[in-house]
Amino acid sequence: MTKRCSLAAVLIAVFTVFPLSAATVSFMVIESGLPEESGSSSWSNLWESGLLDVFFDAGHIVSNAPVKRLGIKPRQTFPDEAKNELDEAAAGGVDYFILALLDYPPPGGNEIPRPRNIILRVFRISPYRFLHEQQYTGPGAANMGDEFTNIKRSVRGLIPHLADK
């Protein structure tokens, strides 16, 4: 009986000293520079999977909006084309919204090229506030497995910025 009480007291102490801090995070990948009629980009899938994996593994509740393709790179910090997804996330009680902007060079053949510029932006939803921007400057790995590892390493750098108020 005393062992159960001791265990319960320890658990209560642990949870009051170290509060659970899971945030709800929604992601959206925006591609620019690719023709509308070209197929799905494996790079966008890698970034979307990397964001979901890293934040889920860090203990956050994650969701994602569909990948959006734009003809040209958006000039605003938060593109108008993503506003509906931000509003849906806010209505769903999401704490943070992360945009991954993948800017592609013009395609030179049948294969979708590697993005030339990748920008990650972190926003707090309520109250709305831009928190952080990070550019991915990975050297480009020899294979997709190594590239996915590099992407996840870069995405992990966003986690501390969720604490920015």
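Me: What pattern does the protein follow, read along the sequence?

Reply: The pattern is α-β-α-β-β-α-β-β-β-α. There are four helices and six strands. Helices (H or I, at least four residues) and strands (E, at least two) are DSSP runs, numbered from the N terminus.

Me: Where do these values come from?

Reply: This is a predicted model, in which local features need pLDDT of at least 70, side-chain atom pairs count only at pLDDT 80 or more, and totals for chains, interfaces and linings use all residues. Residues are numbered from 1 along each chain as its sequence is written, and side-chain values use heavy atoms, with hydrogens and water left out.

Me: What makes helix 2 oblique to helix 4?

Reply: Helix 2 spans residues 42–57 and helix 4 spans residues 144–156. They pack at an angle of about 50°, with their axes 9 Å apart. That makes helix 2 oblique to helix 4. The cut-offs: under 35 degrees is roughly parallel, over 145 roughly antiparallel, 65 to 115 roughly perpendicular, and the rest oblique. Axes are lines fitted to C-alpha atoms, for helices over the stretch in contact, and angles run from 0 to 180 degrees between N-to-C directions.

Me: Which residues of helix 2 and helix 4 meet?

Reply: On helix 2, they include Trp43, Leu46, Trp47 and Phe55. On helix 4, Met144, Phe148 and Ile151 are among them. Contact means heavy atoms within 4.5 Å. By class, this contact has 10 nonpolar, three polar and four charged residues. Asp, Glu, Lys and Arg count as charged; Ala, Val, Leu, Ile, Met, Phe, Trp, Tyr, Cys and Pro count as nonpolar; the others, Gly among them, are polar.

Me: Why is isoleucine 119 called buried?

Reply: Its relative accessible area is 5%. Buried means under 20%, exposed over 50%, and partly exposed in between, with a 1.4 Å probe and protein chains only. Isoleucine 119 is therefore buried. The residue sits in strand 5. Leaving aside neighbours within four places in sequence, isoleucine 119 is in contact with Lys73, Leu99, Ala100, Leu101, Glu133, Gln134 and Gln135. Tyrosine 136 is 17 residues away in sequence, yet 6.3 Å away in space, C-alpha to C-alpha.

Me: How do you know that leucine 131 counts as buried?

Reply: Leucine 131 has 13% relative accessibility, so it counts as buried. Its place is in strand 6, residues 129–136. The C-alpha atoms of leucine 131 and alanine 163 are separated by 9.4 Å, although these residues are 32 apart along the chain.

Me: What makes isoleucine 125 buried?

Reply: The value is 10% relative accessible area, so isoleucine 125 is buried. Isoleucine 125 lies in the loop between strand 5 and strand 6. Not counting residues up to four places away in sequence, isoleucine 125 touches Leu86, Ala89, Ala90, Val94, Asp95, Tyr96 and Phe97. The C-alpha atoms of isoleucine 125 and valine 94 are 7.1 Å apart.

Me: Which peptide bond is cis, from serine 126 to what?

Reply: The bond runs from serine 126 to proline 127, with omega near -5°. Proline 127 is in the loop between strand 5 (117–124) and strand 6. Most peptide bonds are trans.

Me: How many residues does the protein have, and what share counts as buried?

Reply: The protein has 165 residues, and 41% count as buried.
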